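Let's take a friendly walk through the salt bridges of a protein model. Have a look at the picture below before reading on.

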Amino acid sequence: MKAQALHGHLDALLLSVLEGGPLHGYAVIEALKARSGGSLNLPTGTVYPALRRLERAGFVDSSWSTVNGRERRTYELTGSGRRALAGERASWTEFSSTVGRFLGAES
């Protein structure tokens, strides 16, 4: 799946992945791929700017650590991020229900 197809939904997906606990950037990318059954294989140039945007918005905190001599930035959901995710889930439920009335199987 292309990043363009996710327009407007990437932030919610990232928040959802981080809901399970702190992850470094590459682990976020791998979690997206794993949870989507391989459909979401997004490049770092898509994911990292989105994580920084979420951090600037106060939805994600990050910290640096050294693992095996390599610097890693770990991202973690904030309280505001949890509230934003709850709002995104409610919006998604409403959106998918409405669109499903048009594109779903006919009754």
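Is Arg53 buried, partly exposed or exposed? Arg53 is partly exposed, with a relative accessible area of 38%. Here, buried means under 20% relative accessible area, exposed means over 50%, and partly exposed lies in between (1.4 Å probe, protein chains only).

Before going further, please keep in mind that this is a predicted model, in which local features need pLDDT of at least 70, side-chain atom pairs count only at pLDDT 80 or more, and totals for chains, interfaces and linings use all residues. Residues are numbered from 1 along each chain as its sequence is written, and side-chain values use heavy atoms, with hydrogens and water left out.

The structure holds four salt bridges. A salt bridge is a side-chain nitrogen of Lys or Arg within 4 Å of a carboxyl oxygen of Asp or Glu. Among them are these pairs:

| Pair | N to O distance |
|---|---|
| Arg53 and Asp11 | 2.5 Å |
| Arg89 and Glu19 | 2.7 Å |
| Arg73 and Glu55 | 3.7 Å |

Where do the partners sit? Helices (H or I, at least four residues) and strands (E, at least two) are DSSP runs, numbered from the N terminus.

Arg53 and Asp11 form a salt bridge that links distant parts of the chain, 42 residues apart: Arg53 is in helix 3 (residues 44-56) and Asp11 in helix 1 (residues 10-18). Asp11 is partly exposed, at 25% relative accessible area.

Arg89 pairs with Glu19. Because Arg89 lies in helix 4 (residues 79-103) and Glu19 in the loop between helix 1 and strand 1 (23-24), this pair ties together parts that are 70 residues apart in sequence.

Arg73 pairs with Glu55. Arg73 lies in strand 3 (residues 70-77) and Glu55 in helix 3, so parts 18 residues apart in sequence are tied together.
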